[in-house]
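Let's take a walk through a protein model together, one stop at a time. Have the sequence and the 3D view ready.

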Amino acid sequence: MKLQPRQQLLEVWAATARSSYQRGDWVWGGRNGPNSIADAEQLLCLMYPASELPGFRLDTPNETADDVLAALSGMGDAVEIPKLLLKVIGEYLRTYRAEDGRPIFSGGTYFKAADDDAKVSPEQLQLDVVDSFSMSVTLALGTLGFLKVFRQSVRREAIRREISELEELASARLSAAMVGLLRSFTVNAFDPSSSQGRTLLRTVNQSGAPDRRVLDDLRRELRPVRAGLRDLTIGSGSQVDLDNENLLFECGWTWGIVKDAPSIVTPLEIGSQPKGVARDTPFLYFTVNALVGIADLFSERTRVLGLLNDAQLTLAQAIQRRWDLTQLYWRTIATYGRGTWPLEDIPWKTTDEKESDYYSLVVTAMVVQSLVNNRASDVDLGRVAGVLEELAVRARITRRAVAGDPPVVMHSPGVAVSLLGSDELGPNLVWLVSDFAITLLKRTIWAASIAQNTRTRERLINLADQIWRHIAARRCTNGPAAGLWDQPGNVFGDVEVTHDEPSWYFTERVVEFLVSAAQASGEAPLRSPQLVELAYQMLSEAEHLLDQEMVTRPLITGQTIQPKLRSIQATLQRARTIVSERPATAQALVNDALLDLERLAAARDSASEA
């Protein structure tokens with residue numbers, strides 16, 4: 001990519017430090033004010049790269065990179081920065097903790113009333129939300145890993161005690177977030193003749209086949225998912241009777257704790273488990289966010305550092321089953337049939353008959369995540385690339401928007417997701433999502449990271465470069481938010497609203513992308529079989545010519561190989577070492593060796609003629 005992820009991350013870190021740490025105090029909140037999600041997003045702008053990228057580690061002061069220290073110079077030196085993080089993390093963990101010890105996962109200022117004239121009630125502001133569960137999983141795991149490593153560099157007893165206390169608080173928050181994810185998972189079953197059933201069948205039936213045949217085939221395709229959901233024993237989602245195979249269903253996460261969700265029996269100390277009000281209907285947006293956070297539970301870093309205890313591992317296994325089944329379900333629905341995929345029929349229509357390009361994006365996000373986990377074929381990736389390219393055009397990311405263009409609303413103010421069931425405690429609530437561009441970019445780079453076909457990979461990388469140019473242009477340039485996101489008015493003329501404060505919601509997702517891009521750039525380059533074969537053929541010819549030169553050249557000072565021939569031999573040995581992993585580089589080395597051999601042969605011929 002043309003993007004330089006390390007440099008961009010350093011710039012974001014410098015801007016985050018400048019915006020968050022002012023006159024010796026940490027400033028919480030951003031555009032929407034402080035809440036359990038925004039504050040976690042603000043911390044993750046620092047903690048996520050430090051957890052995922054070795055070059056950004058802050059937990060070992062002696063190994064902190066110079067450019068990292070320069071970016072965070074406003075927060076102190078290599079010793080003071082981790083101490084400040086201890087203080088700030090502790091403040092977060094204690095702020096969002098009830099008197100009875102229960103961690104708080106409320107949406108707070110992110111909740112909006114559907115009616116502009118209505119006011120969100122205090123009880124609604126305290127409702128738990130899936131976004132907070134997901135962010136807390138990522139933040140708690142990053143915190144536990146940071147504390148575990150940083151402890152080894154600390155000798156002062158007071159700091160070691162603080163580390164031990166924060167480990168307990170972070171572990172308790174992680175446990176409570178996992179319980180929340182189990183209690184917010186849902187399965188929605190419905191009759192094929194209902195409006196939901198007809199909509200789902202119309203979505204998957206892209207070939208115009210008889211509904212009866214499509215229904216029978218779809219039931220057969222979903223049989224493994226049905227069997228897995230039927231066996232769920234912990235948390236919500238297990239109350240639906242799926243023994244009736246005549247019913248269709250959908251699964252995923254709703255926006256908060258499901259109404260009447262059973263409490264989970266666990267030896268973990270997480271405090272009381274609040275009652276839920278969320279309707280037991282999956283929401284695409286919250287399902288995708290849950291899947292992203294859950295993936296951190298099974299990461300290599302989590303396993304290597306042993307961040308989960310035995311009781312948490314039990315919860316993680318239950319969550320992983322839901323994670324696997326949800327991905328399998330949506331991939332089956334989105335890629336059903338032998339012709340056009342339902343995913344390719346943009347915009348996606350949900351079972352409640354709402355349709356939007358944003359829904360196509362989030363379904364694509366789940367499909368891409370499934371393809372990444374299963375290392376899908378390039379044929380599937382090529383089709384997904386086509387969907388991503390079309391979404392970029394339709395969202396006016398790679399095409400210029402005109403005055404009054406409807407897609408601009410997806411970026412500002414965003415897509416309003418109605419939180420069904422929230423009206424039990426006050427007015428109907430909505431959740432504004434404005435992450436279309438960055439979600440599209442994250443999924444594009446994910447797909448590119450597993451592409452084995454050079455053309456498909458270049459196609460995705462080119463799309464990622466175009467999307468990044470759009471997002472980079474939306475960076476704030478003035479005020480406390482300078483260097484952070486999001487200012488959509490920079491690229492969309494219809495957006496007249498300007499912001500002085502940063503959106504941690506958008507900035508944190510940009511950081512996630514930059515980390516993914518940095519990880520992808522560290523992987524081995526693609527290896528074309530044809531290129532490898534050609535490299536081997538060139539290497540064989542060069543080695544044969546070298547053998548001829550070694551035979552024809554006379555002895556010189558008791559050596560059988562002249563210095564030039566020794567150099568050529570070393571070059572060819574290096575080429576043979578890397579030919580299977582870096583065939584193009586091996587070819588370049590072989591080319592140099594062949595040119596040197598040709599010069600020797602020409603010189604010998606000239607000498608013979610003379």
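A residue is called buried when its relative accessible area is under 20%, exposed when it is over 50%, and partly exposed in between (1.4 Å probe, protein chains only). What you're looking at is a predicted model, where local features need pLDDT of at least 70, side-chain atom pairs count only at pLDDT 80 or more, and totals for chains, interfaces and linings use all residues. Residues are numbered from 1 along each chain as its sequence is written, and side-chain values use heavy atoms, with hydrogens and water left out.

Start with helix α1, which covers residues 5-20. Helices (H or I, at least four residues) and strands (E, at least two) are DSSP runs, numbered from the N terminus. Helix α1 has 16 residues and reaches 22 Å from its first C-alpha to its last. That's close to the expected 22 Å, a span worked out as 1.5 Å times one less than the number of residues. Which of its residues are buried? They include Pro5, Leu9, Leu10, Val12, Trp13 and Ala17, along with Gln8 and Thr16. The cover over the buried residues of α1 includes strands β1 (21-22) and β2 (25-26), plus helices α2 (36-52), α3, α17 and α18.

Now hop over to Met75, in the loop between α3 (66-71) and α4 (80-95). Is Met75 buried or exposed? With a relative accessible area of 5%, Met75 is buried. Contact means heavy atoms within 4.5 Å. Leaving out residues up to four places away in sequence, Met75 touches Ala17, Tyr21, Trp26, Leu46, Glu80, Ile81, Leu84 and Leu85. Ile104 is another story: Met75 and Ile104 sit 29 residues apart in sequence and 28 Å apart in space, C-alpha to C-alpha.

Next, look at the backbone in some other loops. Asp260, in the loop between β5 (248-253) and α11 (284-295), isn't a glycine, yet it has a positive phi of about 65°. Asp260 counts as exposed because its relative accessibility is 67%. Arg396 isn't a glycine either, and its positive phi is about 60°. At 23% relative accessibility, Arg396 counts as partly exposed.

Another cis peptide bond joins Trp485 and Asp486, with omega about 20°. Asp486 is in the loop between α17 (454-473) and α18 (504-521).
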